[in-house]
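Thanks for asking me to look this one over. Here are my notes, point by point, to read alongside the model.

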Amino acid sequence: MKRKFLTFHFSLLAFFTFCATSFAQTVTVSGPDGKLKLNFDLKDGKPVYSVTYDGQQMLDDSPLGFVANIGDFSQNLKWVGKGTATFQYDYDLRASKFSKVQVNSNQLVIQLKNNRNQYFDVEFRVSNNDIAFRYRIPNQEDRVNEKKFSIRIMKEVTGFDFPSQTTTFLTPQSHAMIGWKGTKPSYEEEYKYDEPMATRSGYGHGYTFPCLFRVPQGTQNGWVLISETGVDSRYCASRLSDMKGDGLYTLEFPMPEENNGNGTIEPAFALPGATPWRTITVGHSLKPIVETTVPWDYVEPRYETAHNYKYGKGTWSWIVWQDNSICWDDQVKYIELAKRMGFQYVLIDNWWDNNIGKERMADLIRYAQSQGVDVFLWYSSSGWWNDIEQGPINIMSDPIIRKQYMRWMQQLGVKGIKVDFFGGDKQETLRLYEQILTDADDCGIMVIFHGCTIPRGWERMYPNYVGSEAVLASENIYFSQGAADKEAKDAATHPFIRNTIGCMEFGGCFMNRHINRGNTGGNTRRTTDCHELATCVLFQNPIQNFAITPENLPAAGTDAQPLPAKYDFNAKGAIAPPLSMDFLRQVPTTWDETVFIDGYPGKYCVLARRHGAQWYIAGNNATGAPLTLTLSLPMLEKGMSATLYSDNPKTREPQQTALKVSNPQKVKVTMADQGGFIIVTNLP
């Protein structure tokens, strides 16, 4: 018997009816509280929409429509009718910001036709802070009365036109087939902050989703986050163009060169069908941006699963010990580390097929299981659309061999795979993601993607999906001192942008001061331990593979020995403070509730997340100086007891103190530069 992935309750509170009409006037749909308004109009035969929030203009008239092989659906259009509805339902979301989500939104559907009498709908759903819209296309009949049951979208004219004073927080789309072994684009470029819209993207190819904009008006800020969701094998992934004209960004399809030129850039699907949802999240603060659930609100599971996937923490040798650690002896050390930390998993990275071998890997997996540790295995996505030689290659891209390996892993009890180096957003590539996920689910295997695109609603669509990198992640701290120098700035960025729309498999939380085996040489970590610990809460992913090493614990059997009274975190020894390692033992990887507290992209961030009855409130500081904040923490109560992890102001070492909450509206915390803090409430 198959187990349902989630519960889904739906009630249609208003009958949906089309009203035949020949008028040309503005039609408005608002969110339930009336603050967020979307206006739709047909101007000179071209559909446009605009957005206001609480009276502030967030988007000016922005174009809609598309051009397809069967006709032009962007101009010379006429009204056919409109319909409205109200949606209220709830669903479970095990792997993201909230475990249970309630949706309350209003729908507006505009039906239009072109000059060939071909019909399509523009469907909008508007909640208090979110807008989602898409195009629905029925079967079509052409001029010779031949039914059309398929469509190829040649381009979308979909756009987002911002007021002129808007500034941007964006990361560029890279050239195709550049970077490590020709694996880009892989969503691993740097952000720019509060840039004018006229600033051209770094490569001239526009920007990857999600895209954050600040729309100031007088003394008041408006914030807008643009992304998309519901992208699967039936469409390509998209991005934003560079600005065109005065504030206009348009939707762009993949570049022809992606994935070594393989695959079309024009998505095609059967009719009736629909495009993915494009999403807009708005507010006067960053709170609705950080807390949004719109990536999952309107997508549905692509399949049910018969498996009960268990999330948790893992050790990962490659991030610090690199390729040479993918050998029997070192993996045994990381299995032992996982056991001593109480972690559920060990991730064995590239070259295991060469350095350990498939037959001996079976013995290693059985050994790990005997120690109470389960295994994730690394694979390359292919061997023919990039120049990757790290093995195993030529498995995940071959449906026959892929299924053989899935069954082999299922027999051995492998719990997950990490698949790397995709480098493209074409429909053909999205189809491969889905094929890997579905084949893996048949065998009870979870999937992490690296060197990849962002997830687009996948936590709800695919029950065995557990994370994507799609960010300039922890490996860059190993490879570049520049990345290590700005680690705190990046960590104060991702909760506002990348991690808002989906799981982020960052693979961080270093305890080594020097990012190298033996804690000598290599790049130097600038952040405090409390900063590293805070990222366990600030970054969301249901499987967390931490960058700790066996050297961070005393020799086996000596865990209870205290560190020297004057612990020097710049010393050559790699043993980490016991309080840091104990925190990693207890911190969860899944959350029931997420609350934005304070912050600004690239400067600092404070979030609160609840797991069961326990709150974790974490912050980090990238302002360039010590930072003292007085926080309003409504999840706390007067007289409540909690534990505070904070930076010692003189030594920058981590310290743990008891916290008695006297006033939840005025909780004072201080962070060192490139430091952090965590408040953990005591269980009742």
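1. Phe169 is buried, at 0% relative accessible area, where buried means under 20% relative accessible area, exposed over 50% and partly exposed in between, with a 1.4 Å probe and protein chains only. Tyr600 also counts as buried, at 18% relative accessibility. Please keep in mind that this is a predicted model: local features need pLDDT of at least 70, side-chain atom pairs count only at pLDDT 80 or more, and totals for chains, interfaces and linings use all residues. Residues are numbered from 1 along each chain as its sequence is written, and side-chain values use heavy atoms, leaving out hydrogens and water.

2. How many aromatic pairs are there? The count comes to 48, taking rings of Phe, Tyr and Trp (its six-membered ring) as paired if their centres lie within 6.5 Å, with planes under 30 degrees apart stacked, over 60 edge-to-face and the rest tilted. Strands here are DSSP runs of E, at least two residues, and helices are runs of H or I, at least four, numbered from the N terminus.

3. Tyr478 and Phe479 form an edge-to-face pair as well, with 5.1 Å between centres and 90° between planes. Elsewhere, ring pairs join Tyr303, Phe422, Tyr433, Phe449, Trp458, Tyr462 and Tyr465 into a cluster.

4. On to the cysteines: the structure holds 0 disulfides, a disulfide being a pair of cysteine sulfur atoms within 2.5 Å. Cys509 is buried, with a relative accessible area of 2%. Cys605 is in no disulfide either, and its nearest cysteine sulfur, in Cys536, is 14 Å away. Cys605 counts as buried, at 0% relative accessibility.

5. Lastly, the helices. Helix 6 (residues 358-370) and helix 7 (residues 399-412) pack at about 35°, with axes 10 Å apart; axes are lines fitted to C-alpha atoms over the stretch in contact, and angles run from 0 to 180 degrees between N-to-C directions. In helix 6, Lys358, Met361, Ala362, Ile365, Arg366 and Gln369 meet Tyr405, Trp408 and Leu412 of helix 7, contact meaning heavy atoms within 4.5 Å.
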